[in-house]
Amino acid sequence: MTVPATPDGAVPVAPRVHWIGALDPDLRRFDIILRTANGTSYNAYAVRGSQGVAIIDTVKIDFSEAFFGRLESIADYDEITTVVLNHLEPDHSGALPELLRRARRATLLVSPQARLMLNGLFDPADLAGRVAFVGSGDRADLGDRQLQFLNTPYLHWPDTQCTWLAAEGILFSADFLGCHYCDSRLFNDAVGDFRFSFDYYYRHIMRPFGSYVRDALDLIEALPLRVVAPAHGPILRRDPLEYVARYRALAARTVYGAATKTLAVFYVSAYGATRRMAEAVVAGAESASTAAGEVRISLHDLEGGEAAAFVDLIEEADALVFGSPTINGDAVKPVWDLLSSLTVVDLKGKLGAAFGSYGWSGEAVPMIEERLRRLKLRVPLPGVRARLAPTGNDFAACHDLGREISLQLLGRPTPRTFDLAQIS
Ligand code: FEO
């Protein structure tokens, strides 16, 4: 099969709507961490109205020449009244300063959350008097058609918005519903099979923002969509609602549902001490569970070194407890491997705790607690550390830790007593 060469000019998407982006087929890694086996595209669009032209997004700066060439094939710079940046990440804003220099009449429209970033990314002199901040319901008038804005933050930058062209049923969706898949045929009904790239992109870019994804879907599902025009990958003109539905499924809590609370306990044990502490945590959690309601509890030995296999489970869990011995002043590698895999997961507000045995200094527990806090978990209970072989008191403390975690999940935490003499 021969894939057609990159189109030289602008590509029609709908009447008076053109793709003017750029293709980057050789890219193999994006933002350092993301593999891009199929390269990517930087999609930008031009929308013509009776009283002006709007440009929606630009391209990575290295691809400016292709972008301006396509733009010039369908519009004069003096016709451009509006430039919309659906978010400011440099792969879409790279050509923005030059565009604003060439299109002297244009006003830049961005979301309110972009305010702080603009001065960090651009010379304020380039933007002086030329920026307006738009939110949900605001419109940009192009004469016989308007652009409307949907505030959809954290998809995946704080300033992300989507732009809606009601006249054609086109949603310009920024990174949302996009993927790194470069194919010069541009449209989803013409390119190769990109399902893997679509799901991969969701799991690595959107997944940590699940609640924001669901909020955005509430807005988007209400629209009479005919085309989704994302900032990367194929333009979705055939069955766009299927892709919206796929996001809804990917962002759903599917196993237990929000009404069932879940606790996952992970541990590594060198000589069995931390394992027995883990079992005491689980026993404590179960004791509260039967008395006050149900918490689904699972116990996992990380000695096998698996990390990826647990990510789905952790995303669903309401509380996470980690047990590690301290070896050479550190928690052990399988624990760190798992904790470093969690940047793709929405962890905000989950409960976290730590425990473990140690020989000399016992740094593992506070180090894990610190990591959990930085991942935005709540760590309301002090961890349990046991020197060498845990004593009866140590096991009791583990039991209490598990029990209190369960009670907190069930909304029945034990009232705390503060010693006022200790409060200065
Ligand atoms: Fe494709 Fe968030 O930039």
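Arginine 16 sits in the loop between β1 and β2. In this predicted model, the phi of arginine 16 is near 60°, a positive value in a residue other than glycine. Most residues other than glycine have a negative phi, and most peptide bonds are trans. Arginine 16 counts as partly exposed because its relative accessibility is 37%, which falls between the 20% limit for buried and the 50% limit for exposed.

Seven strands form an open sheet with mixed pairing, in the order β1-β2-β7-β8-β9-β10-β11. Its edge strands are β1 and β11 (131-133), each of which pairs on one side only. Neighbouring strands in this sheet are turned against each other by 25° on average, with direction ignored. Further along the order, strand β7 (residues 45-49) runs antiparallel to strand β8 (residues 52-56), and five bridges join them. Here glycine 49 stands opposite glycine 52 in β8. Strands of a sheet pair through backbone hydrogen bonds, either parallel or antiparallel.

Serine 64 is found in helix α1, which spans residues 64-72. Is serine 64 buried or exposed? Its relative accessibility is 14%, so serine 64 counts as buried, the limit being under 20%. The side chain of serine 64 reaches the backbone oxygen of isoleucine 61 at 2.7 Å. Leaving aside residues up to four places away in sequence, serine 64 touches Val59 and Ala95.

Two other backbone features deserve a look. The peptide bond from leucine 155 to histidine 156 is cis, with omega near 5°. Histidine 156 lies in the loop between β13 (146-151) and β14 (161-165). Aspartate 239 has a positive phi of about 50°, although it is not a glycine. This aspartate 239 is found in the loop between β16 (227-229) and α8 (240-250). At 41% relative accessibility, aspartate 239 counts as partly exposed.

The domain assignment gives domain 1 (11-251) and domain 2 (261-409). The centres of domain 1 and domain 2, taken over C-alpha atoms, are separated by 42 Å.

How many residues of each domain are in contact with the other? Six residues of domain 1 are in contact with seven residues of domain 2. The size of an interface is often given as the accessible area lost when the parts come together. For domain 1 and domain 2, the buried area is about 530 Å², and carbon and sulfur atoms give 36% of that area.

Next comes a second sheet. Five strands form an open sheet in the order β18-β17-β19-β20-β21, and the pairing is parallel. The edge strands are β18 (295-301) and β21 (384-387), each pairing on one side only. From one strand to the next, the twist averages 10°. Strand β19 (residues 319-323) pairs with strand β20 (residues 351-358) in the parallel sense over five bridges. In this pair, leucine 320 stands opposite glycine 352 in β20. Helix α10 (residues 308-316) lies across β17 (261-267), β18 and β19. The direction of α10 is at about 140° to that of β17.

Finally, some totals for the whole protein. There are 13 helices and 21 strands. The C-alpha atoms fill a box of roughly 80 × 55 × 40 Å, taken along the principal axes. Of the 424 residues in the protein, 54% are buried. Among contacts between residues at least 6 apart in sequence, 72% join residues at least 24 apart.

Methods
Residues are numbered from 1 along each chain as its sequence is written. This is a predicted model: local features need pLDDT of at least 70, side-chain atom pairs count only at pLDDT 80 or more; totals for chains, interfaces and linings use all residues. Side-chain values use heavy atoms; hydrogens and water are left out. Helices (H or I, at least four residues) and strands (E, at least two) are DSSP runs, numbered from the N terminus. Buried means under 20% relative accessible area, exposed over 50%, partly exposed in between (1.4 Å probe, protein chains only). A polar contact is a pair of N or O atoms within 3.5 Å; within protein, one must be able to donate a hydrogen and the other to accept it, and residues adjacent in sequence count only if both atoms are side-chain atoms. Contact means heavy atoms within 4.5 Å. Two strands pair if DSSP finds at least two bridges between them. Axes are lines fitted to C-alpha atoms, for helices over the stretch in contact, and angles run from 0 to 180 degrees between N-to-C directions. Domain bounds come from an automatic or database domain assignment. Buried area is the accessible area (1.4 Å probe) that two parts lose on being put together, summed over both.
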